[in-house]
Amino acid sequence: MSDTRRRVKVYTLNEDRQWDDRGTGHVSSTFVERLKGISLLVRAESDGSLLLESKISPNTAYQKQQDTLIVWSEAENYDLALSFQEKAGCDEIWEKICQVYVRFMIHYYAV
C-alpha cells in the first residue's frame, strides 16, 4: 500500500539554475541519531534507497510555495525542493518543520 500523501519528487538546483529531478519517493520526518535531530528522509519508491537525508535546522530558511512545494538551501549553492503529489502531504511535512522551529524557540528563550 503506497501513501500518496507523502509521495514526492526530489529536486536540486544545478549550476545553470535549472531544477534537476533526483527521483521519486516517499518522505518522512524522523529523529536521526547520527544527525542529532529531526530529519527529512526520502526513500526511492523503486528500490527503497535513500534519495535525501536532511536535518531540519532552525537556521535554514524553508519556504512553502503554492500548495505542494517546499524549497530550501542546505549550503551555499545547494538548493533543494520537495514537490508533493498531494497538498495534504506537503501540509503534514510543513507542520513538522514548523514544530522544529517552535521547539528551538522555546528552548532558546527558556535558557
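Because the model is predicted, local features need pLDDT of at least 70 and side-chain atom pairs count only at pLDDT 80 or more, while totals for chains, interfaces and linings use all residues. Residues are numbered from 1 along each chain as its sequence is written, and side-chain values use heavy atoms, with hydrogens and water left out.

First, the record. UniProt, in an unreviewed entry, puts "domain: PP4R3 EVH1-like" at residues 5-101; its positions follow the numbering used here, feature names are shortened, and annotations may be inferred rather than shown by experiment. That stretch is 15% helix and 54% strand, where helices (H or I, at least four residues) and strands (E, at least two) are DSSP runs numbered from the N terminus.

Next, salt bridges, meaning a side-chain nitrogen of Lys or Arg within 4 Å of a carboxyl oxygen of Asp or Glu. The whole structure has nine. One of them pairs D21 with K9 at 3.0 Å, N to O, and it links distant parts of the chain, strand β2 and strand β1 (residues 7-13). Another joins D91 and K87 at 2.7 Å; both sit in helix α1 (residues 87-110), four residues apart, about one turn of the helix.

Last, the loops. K36, between β2 (19-32) and β3 (37-44), has a positive phi of about 55° without being a glycine. Q66, between β5 (63-65) and β6 (69-75), is also a non-glycine with positive phi, about 50°. Relative accessible area is 61% for K36 and 64% for Q66, so both count as exposed (over 50%; buried is under 20%, partly exposed in between; 1.4 Å probe, protein chains only).
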